[in-house]
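Here's a quick briefing for your next look at the model. Keep the viewer open and follow along.

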Amino acid sequence: MADDNPPALPQNTTVHSLYKEGSSKRIALLTGLSLLVIISAVFSAGIGTVSISPQDTILAVGHSCAVSLQNFLHTYLPYVAGWYDSIPFTIPAPGNPQAELIVVGFRLPRIFLAILTGVSLAVAGAVMQGLLRNPLVSPFTLGLSSAASFGAALAIVIGPGIVAGLFMVSYDMFIVIMAFLFGWLSMLLVYWISRSRGTTQSTLILAGVVIGYIFTAGVMSLKYITNNEKLRELMIWLMGGMWGASWSAVLLLIPLVVICFVLLERMAWDLNALSAGDDVAKNLGINVERLRLSGLMISTFIASCCLAFTGVIGFIGLMGPHICRMIIGSDHRYLIPCAGLMGAAILLVSDTLARTIMSPVEIPVGIIMYAIGGVFFLFLIMRGRGRGLY
Amino acid sequence: MELVIENISKDYEKKRVVDSVSFAVGSGEIVALVGPNGSGKSTIIKTIASVHRQSAGSISIDRKNIDTIDPVDLAKMIGYVPQQFTYTLYSTVFETVLLGRRQHIKWAVSDEELSRVQQSLDALEMGGMAGMFMDQLSGGERQKVFIARALAQDPRVFVFDEPTSALDIRYQIEVMETMRNITRERGAGMIIAVHDLNLAYRYADLVVVLNHGKMVGYGKPQEVLTPACINKVYGVESFIVDNEFGKFIVPFRANSAL
């Protein structure tokens, strides 16, 4: 019997040192990317049509938080408010009187939306690529964004009408809801189709691609039949951007993104095992069908949530995970958060450039993102050894 | 340890590909499944490895039906090496072997798990390649990594689907010797699908001969793998060479009557 007489295990071996070295480098990269996102956010909040110093930016955020907290306490917890007011330290208001309105009111929601969208799309891409063992899979290739576009296009072209009136939602919110619903629907369709043939990765991918084309046909016909004014609105949505940013969107998305991220991160080891093939994963005790279903559903959900607010944002879902895999390898425990941060960094930097480079005119974020992301990716490929940290 | 396969059958889209096959493997025993392509070897291997479920019959380990065992626990009992191996571009040798410890790892990887990975790699003399990427290895080395992963599972039964098919003759002998020693030392059982009848002849304690999904022979290799049986199952005429190195099967001509 295997456990009767366990042989002595080797200690402090090559494998131990390789593993530890790899882990510390991966943690270093995660820390580095987190800092990059934070620093980019501070700079991004400062630059724009009105330029605000980093110091004022931080003071504006701090002061605004302190004031909001004070108001909240005075309204709901007067007992604690007295204690809070007695704290001798206060955060001074920023030197620039407009700073607070500009930073907190306009730029921060946009920055948050960029970060949340970047994280969601890249995390969804990383998980989808792992689940389907295909590096070319992304929320795009699986028909998700075509479907969301169709939902949005439908909302824009037919207008809010009776349905939106019935549920008392605004026109903008109606577009968001329609985009989300159709994005989500696409994955249900993909899954339903592949169910009949067994959930192998090739049927799922093919089903996704085909569903994507069907919805694209829908978008094209809507473009064809609609009038000029709505066509322009539709084109802007299809180009994608952070125009839809608001605090209510951000506050809705934060918990959703956090919950989905935690759920997906918990699948990391199973995703690693899946890299050895379906058969081996099953032998390792993993319910492969259930993993695929739940993984695809959660990643689609979170990608649809963000796409609904931003319009079509491509590239990140494909390249974020890919770039990270080239740098830190394919251990999903690190790959998922790393891809998320990479996605956030790319989208945030691109969006900041998009709104400042020709200020006060904004250009679509896609133009910047495809250019800088593409160049960065090419750099990684051409460096030759762009693979792993070991 | 005893793994008993009792009357298992498997249907694919209404076609019966394995029909009522029964055999058993005990501690330190090697059972070889032989038969022509499409005779159901891989299907039986996959059924035992929980890749799919049998359509009828039962498999039990130490008299416990494997259907009643939790998949996580079962994964610690049966280690599997598939015929075709899959890996990702950015995975290293030791990360691939570490997957064999999946059911022992919650989140962080303990030193013990890493030690077992090293031990498994050392057993196949692959310790020096731990940090290499899978696509830097030759086909034979890759096959050994996958065997090392099954070793790391530390299972009670190994099920191998053509484990030596990608190996040259030296590796074939090395791997089979290593596997036989490990099976004996750990008191594990081993079920192996092979094409090379001489490997079955030399290393297996028992042979299951399959044809069109049916079991047509079961017993000690020397008794079962006779020229008559080989002719009947494969349609190949052969003779047995018996010299000071042992007995060998020499197939020499396809039977034109079949």
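This is a predicted model: local features need pLDDT of at least 70, side-chain atom pairs count only at pLDDT 80 or more; totals for chains, interfaces and linings use all residues.

Residues are numbered from 1 along each chain as its sequence is written, while chains are lettered from A and ligands numbered from 1 in the order in which they are written.

**Strand β3 of chain B**

- Strands here are DSSP runs of E, at least two residues, numbered from the N terminus.
- Five of the five residues of β3(B), residues 30–34, are buried, so the strand is largely enclosed by the rest of the structure. Buried means 20 or more other C-beta atoms within 10 Å of a residue's own, exposed means 12 or fewer, and partly exposed is in between, with C-beta atoms placed from the backbone.
- B:I30, B:A32 and B:V34 point one way, B:V31 and B:L33 the other.

**Its strand partners**

- Two strands pair if DSSP finds at least two bridges between them.
- β3(B) runs parallel to β8(B), residues 189–193, with four bridges joining them; B:I30 has B:M190 as its bridge partner there.
- Four bridges also link β3(B) to β9(B), residues 206–211, again in the parallel sense, and B:A32 sits opposite B:V207.

**Positive phi outside glycine**

- B:K14 has phi near 70° and lies in the loop between β1 (2–12) and β2 (15–26) of chain B. It counts as exposed because it has 5 C-beta neighbours inside 10 Å.
- B:H212 has phi near 50° and is found in the loop between β9 and β10 (214–219) of chain B. With 15 C-beta neighbours inside 10 Å, B:H212 counts as partly exposed.
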